[in-house]
Amino acid sequence: MTHPLSRRDFMKAGLGAASLAALGTRPGFVQKSFGKTATPRKILILGFDGMDPGLTDRWIREGKLPAFRRLMAQGGFRSLQTSVPPQSPVAWSNFIAGTNPGGHGIFDFIHRDPKIYFPVFSASATEEATKTIRIGNTIFPIKGGKVRNLRRGKAFWQVLEEHDIPATIFKIPANYPPVATRQRTISGMGTPDILGGYGWFRYYTTEPKEIRADIGGGETRQVYVIGNRIEAKLPGPVNTFKKDRPTAEIDFKVYLDPQNPVAKIVIQDHEFLLREREWSGWKRIRFSLIPTQSVSGICMFYLKEVRPNFRLYVSPINIDPGDAALPISTPEFYAEELDRKFGPFFTKGLPADTSALDNDVLDEGEFLQQDGFVLEESRVMLDHELGRFDSGLLFYYISSTDQRQHMFWRLLDEKHPAYDAALAKSYGGVIEKTYMEADAILNQVMGRIDKNTLLLIMSDHGFNPYYRSFNLNTWLRQSGYLQLTNEFKQEDLEIGFPSTDWSRTKAYGIGLNGLYINQKGREANGIIDQGADTDNLVREIARKLEEFKDPRTNDQVVLKAYVAKDIYTGPHAGEAPDIILGFNRGYRISFSSPLGRVPKDVLEDNLSKWSGDHMGAAEILPGILLANQAVKADSPALYDLTATIMDVFGIEKPKELIGTSIFKE
Ligand SMILES: [Zn+2]
């Protein structure tokens, strides 16, 4: 069978939107390196996701962050204005494009399709192959599908490229798939696992009580020990080469040592022993789709227990950087080159498995071991990139600061509803320790830079406790703006508003901070006229949201209800939600409301381990900025850093950029 695509593109094209996005040809990805200009100045930017200015300042003053203190003495320490809303994909996009969200079109982790009132991921879209040939039970894609990065506007490293200034961009969020460039880039947050989602662990157990039908971020599977042997299957991507679209699977066997807490795992060509409470390291596996096509992935095994119950955790299957089924780097060989040097490494965005911790599949210590691998890997690869950083710009991203604050805030804060005194004894200091590890990384970097290098340390937003959850759609219902089809039905717990009566609904919430008016001509069943009617309704709802108090605490729940029209500029401002909710300290949207559910209560205690967050008003969640050169701006913002990069390299600022250099008064 002949076809116009290369083996690899062909394989990619077979992976569907439900699993992996298919990918056709990518003319923008030129694999040769380009003529670079040696720059007299270099810029090194270290991005610590979620590092909070309040905590940083406190631990600097307590002497726990000596490298931060040293850098602060050189250039000062500022709060860095974050985006509205302060979600990572939005905030990093402000930095990447040098605009507010009106310029880059990313307003939330989750946008919506107004034709079906359904949530969609904001960062990337996947389309399956549009033309296929079917022979028997096998479907061959002829024209490749695509995966698209939905962020608009030019990335700053694309502007640098136009001026022949080299850049390496390591795992910056909101850059999946990486935009076309000859610069060295590797994608980070937003990169799926090989199932096409944001991470799906597997947990095998002999204990029936642990089997749950529906848990977020993973799957529990019952296994049986027969003669000290277990047979199980590891599911992979949907096989879109087959008419009935089965899930590709790999069989594996586990042999339990009859006496000792040790097991041997045999999967494909791997055979390895694990002691109880031991991690396997990365294993490369390959899912066969049709005889000529397969997809490679990498995963880690963790043997939690051998007896009395057998418990085995398998990490989300990451895209194999040595043979990436989807584009994760530019040039494509950059990921392969790192793989050759370091072996397999985390490629999934947000690599630590917070879902496994949230669902009691991994405990606190086990989660920290896993995230420890992430941080150690980051350190080693940073060292490698520093070693060859001789010109232009290097951006390097660290995720652990964000992930650990999300999961461990409850043990730092006695007021948190999920505070646990016993656990706090062991893990109450995790966040402080993580900041100290960030300090060690900064120290490593400061020892390696020369006097021509501008060093910027930044975070995209700060952190707040997350005590109470707000069900926006329930509030809208109780306030008369959203109606269910059955008056007597108290709640609607399916995603995507299946029981909402759109003919009587004026407004709805989708996403973590977004509220939309049910507008005529925009939504499928809109009832509010665009123009003055919509504007008046927006102002009315915004005012009521800010007036709403938590009956238990009498605290304001929504500190700022931003009217999109007032805050966004740029070509995509009209795509924004109509109102952006900026929560007060301690509050956040619930886990139900963002996907279009309408539960019974407006407010609920947050008892989950996901206990710190940053969905609040931008004014109370700034990030951090430190530099090794005096910062002159009093109140710099993320997009000012983009303007700073242009200024330092002597590039005329592109007209779309709205910021000003931080080194100008
Ligand atoms: Zn976060």
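pLDDT is the predictor's confidence in each residue, on a scale from 0 to 100.

**Figure 1. Confidence along the chain of this predicted model.** The chain has a mean pLDDT of 91, and 92% of its residues reach 70 or more. Residues 1–33 have a pLDDT below 50, and this stretch makes 101 contacts in the model beyond near neighbours in sequence. Where pLDDT is low, the predicted coordinates should not be read in detail.

**Figure 2. The largest nonpolar core, with Phe68 and Ile457.** This core is made up of 87 residues, and Phe68 and Ile457 have the most contacts inside it. Helix H12, residues 430–446, supplies the largest share of the core, eight residues.

**Figure 3. Surroundings of phenylalanine 68.** Leaving aside neighbours within four places in sequence, phenylalanine 68 is in contact with Phe48, Met51, Thr56 and Ile60, among others. Further along the chain, the residues that phenylalanine 68 contacts include Ala438, Asp439, Leu442 and Ile457. Ile624 and Leu626 are also among the contacts of phenylalanine 68.

**Figure 4. Threonine 168 in strand E9.** Strand E9 covers residues 167–170, and threonine 168 is placed in it. The relative accessibility of threonine 168 is 8%, so this residue counts as buried, the cut-off being under 20%. The side chains of threonine 168 and arginine 184 are joined by a polar contact of 3.3 Å. Not counting residues up to four places away in sequence, threonine 168 touches Arg184, Tyr334, Glu385, Leu393, Leu394 and Phe395.

**Figure 5. The loop between E9 and E10, with alanine 174 and proline 177.** Alanine 174 lies in this loop. Its phi is near 60°, which is a positive value in a residue other than glycine. Alanine 174 counts as buried because its relative accessibility is 10%. Proline 177 is found in the loop between E9 and strand E10 (184–186) as well. The peptide bond that joins tyrosine 176 and proline 177 is cis, with omega about -15°.

**Figure 6. A cis peptide bond from threonine 330 to proline 331.** Omega of this bond is near -20°. Proline 331 has its place in the loop between strand E21 (329–330) and helix H7 (332–342).

**Figure 7. The hairpin of strands E3 and E4.** Strand E3 (residues 110–113) and strand E4 (residues 118–121) run antiparallel and are joined by four bridges. Aspartate 113 in this pair stands opposite phenylalanine 118 in E4. Four residues lie between the two strands of the hairpin, and tyrosine 117 in the turn has a positive phi of about 50°.

**Figure 8. The open sheet E13-E14-E15-E16.** Four strands make up this sheet, with antiparallel pairing. Strand E13 (229–238) and strand E16 (270–275) are the edge strands, each pairing on one side only. On average, neighbouring strands of the sheet are turned by 25° against each other, direction ignored. Strand E14 (residues 247–256) pairs with strand E15 (residues 262–267) in the antiparallel sense over five bridges. Valine 254 stands opposite isoleucine 265 in E15.

Figure 9. E27 pairs with strand E28 (residues 579–583) in the antiparallel sense over five bridges, and valine 563 stands opposite isoleucine 579 in E28.

**Figure 10. Asparagine 554 in the loop between H14 and E27.** Asparagine 554 is not a glycine, although its phi is positive, about 65°. Its relative accessibility is 55%, so asparagine 554 counts as exposed, the cut-off being over 50%.

How values were computed: Residues are numbered from 1 along each chain as its sequence is written. This is a predicted model: local features need pLDDT of at least 70, side-chain atom pairs count only at pLDDT 80 or more; totals for chains, interfaces and linings use all residues. Side-chain values use heavy atoms; hydrogens and water are left out. A nonpolar core is a set of buried Ala, Val, Leu, Ile, Met, Phe, Trp, Tyr and Cys residues joined through side-chain atoms within 4.5 Å. Buried means under 20% relative accessible area, exposed over 50%, partly exposed in between (1.4 Å probe, protein chains only). Contact means heavy atoms within 4.5 Å. Two strands pair if DSSP finds at least two bridges between them. Axes are lines fitted to C-alpha atoms, for helices over the stretch in contact, and angles run from 0 to 180 degrees between N-to-C directions. A polar contact is a pair of N or O atoms within 3.5 Å; within protein, one must be able to donate a hydrogen and the other to accept it, and residues adjacent in sequence count only if both atoms are side-chain atoms.
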